2 protein chains.
Amino acid sequence: MEEKGLLIVLSGPSGVGKGTVRKAIFDQPDVNFEYSISATSRKPREGEVHGVDYFFKSREQFEDMIANDELLEHAEYVGNYYGTPIEYVKKTLEEGKDVFLEIEVQGAKQVRDKFPDGLFIFLAPPSLKELENRIVTRGTETDELIRNRMKAAREEIEMMNLYDYVVENDRVEHACERINAIVVAEHLRRERVEKRYRKLLEEEK
Amino acid sequence: MEEKGLLIVLSGPSGVGKGTVRKAIFDQPDVNFEYSISATSRKPREGEVHGVDYFFKSREQFEDMIANDELLEHAEYVGNYYGTPIEYVKKTLEEGKDVFLEIEVQGAKQVRDKFPDGLFIFLAPPSLKELENRIVTRGTETDELIRNRMKAAREEIEMMNLYDYVVENDRVEHACERINAIVVAEHLRRERVEKRYRKLLEEEK
């Protein structure tokens, strides 16, 4: 009878403030998402706890997880592996809880392949917002600056393709509010609600 | 450059409380929707103002509007016509404003044909909510009562088919909050945002 949870994936260009927005979301008093803990092959730092900050694995263990398809997504960064264990995500979704992932754009592509039904949110940088403001200030900036910004904007727009929603990170609280609204709305989509009701009717027969 | 507005259609079984929810939405201090005024062939009542409460038309004028396809939807009720003039809706959407329609299920079907991109919200009655609660109270009610409720629930679920979202009208404020969230989310859909950005890039070339 339980409705499956939503897999919520927050991503966007590096430097856009994904981590800050994620922290603000989990600082909300009535947060309804489970945060997915990453696995890593790097050594724990002072105070980091296995199963809280990360699942700490040896390089060999991590490579076994990759080989056994036990990761939703993974990447290597400064000589260490980082990735999302698929087991926790699946288990939590089955329990009817929403899981929140905050990952790099490369990782989001891998998740899309495995969870096409996930809710993919692109956190858009101010460079895109500036694209809209620029029309107002036209003529006050150098051609090169404008060209560079246009190029960055074009690359960011191409990245969006994979996502369901785009949230501008103009202010952290504002971005959080909009992410909350997206999750509320997604739970009210007719397909989900209808499926739940039909299941109830079947069970009542 | 202006983004087109959303056509928001609130409908649901008669007696579900569509009018109450619509009034509560328009009583919000920061409401961002335009309410579409209906046309009718009935005579104005004491205090009703043309262009505020209704557009008052003669029967002949109304039938001309039907013949000329000037109505988004219409129905006859107790010998009088009621309908939504398409011109106001189109003009307001073009100005980038969201238009809110609260109409009967029959009308919603007609609107879907003309505005497939509209945002269709089904206001679900407590009978469906009860479907979920019933499992708990099973055995405490007569078979006939249960059968009748099941039949009503089944009919209501069939009606949902046309809609994008389902909102349970358990409490008016709660229904309003969820409708607000749906509209916020819909504006953040990647297709809409991406299109706007691409247009801006084109204009900047």
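1. In the predicted model under review, B:Leu123 has B:Val167 as its bridge partner in strand S9 of chain B, and this pair belongs to the parallel pairing of S8(B) with S9(B), residues 165-168, which extends over 4 bridges. Two strands are taken to pair if DSSP finds at least two bridges between them, and the elements themselves are DSSP runs numbered from the N terminus, with helices (H or I) of at least four residues and strands (E) of at least two. The model is a predicted one, so that local features need pLDDT of at least 70 and side-chain atom pairs count only at pLDDT 80 or more, whereas totals for chains, interfaces and linings use all residues. Residues are numbered from 1 along each chain as its sequence is written, chains are lettered from A and ligands numbered from 1 in the order in which they are written, and side-chain values use heavy atoms, with hydrogens and water left out.

2. Strand S8(B) also pairs with strand S1 of chain B, residues 7-11, and here 4 bridges join the two strands, which run parallel. Within that pairing, B:Ser11 has B:Phe122 of S8(B) as its bridge partner.

3. How many of the residues of strand S8 of chain B are buried? For S8(B), residues 119-124, the count is 6 of the 6 residues, so the strand is largely enclosed by the rest of the structure; buried means under 20% relative accessible area, exposed means over 50%, and partly exposed lies in between, with a 1.4 Å probe and protein chains only. The burial applies to both faces, with B:Leu119, B:Ile121 and B:Leu123 on one side and B:Phe120, B:Phe122 and B:Ala124 on the other.

4. Two further residues of chain B may be set side by side. B:Ile103, which is found in the loop between strand S7 (98-102) and helix H4 (105-114) of chain B, is buried, with a relative accessible area of 9%. Leaving aside neighbours within four places in sequence, B:Ile103 is in contact (heavy atoms within 4.5 Å) with a set of residues including B:Val9, B:Leu10, B:Ser11, B:Glu73 and B:Val111. The C-alpha atoms of B:Ile103 and B:His74, 29 residues apart along the chain, are separated by 9.6 Å. B:Glu87, by contrast, which is found in helix H3 (residues 86-94) of chain B, counts as exposed at 64% relative accessibility, and the C-alpha atoms of B:Glu87 and B:Glu70, 17 residues apart along the chain, are separated by 7.1 Å.

5. In chain A, an open sheet of 4 strands has the order S4-S3-S6-S5, with mixed pairing; its edge strands are S4 (55-56) and S5, each of which pairs on one side only. Strand S3 of chain A, residues 39-40, is joined to S6(A), residues 80-85, by 2 bridges in the antiparallel sense, and A:Ala39 stands opposite A:Gly83. Strand S5(A), residues 71-77, likewise runs antiparallel to S6(A), to which 6 bridges join it, and A:Gly83 is the bridge partner of A:His74.

6. The hairpin of S5(A) and S6(A) has 2 residues between the strands, and in it A:Val78 takes a positive phi near 45°. Helix H2 of chain A, residues 59-67, lies across S3, S4, S5 and S6 of chain A and runs at about 45° to S6(A); axes are lines fitted to C-alpha atoms, for helices over the stretch in contact, and angles run from 0 to 180 degrees between N-to-C directions.

7. The axes of helices H1 (residues 18-26) and H7 (residues 172-187) of chain A come within 9 Å and cross at roughly 65°. H1(A) and H7(A) are therefore roughly perpendicular to each other, on a scale where angles under 35 degrees count as roughly parallel, over 145 as roughly antiparallel, 65 to 115 as roughly perpendicular and the rest as oblique. Their contact joins A:Thr20, A:Val21, A:Ala24 and A:Ile25 of H1(A) to A:Val172, A:Ala175, A:Cys176 and A:Ile179 of H7(A).

8. In chain B, the axes of H1 (residues 18-26) and H7 (residues 172-187) come within 9 Å and cross at roughly 65°, and H1(B) and H7(B) are therefore roughly perpendicular to each other. The residues making this contact are B:Thr20, B:Val21, B:Ala24 and B:Ile25 of H1(B), together with B:Val172, B:Ala175, B:Cys176 and B:Ile179 of H7(B).
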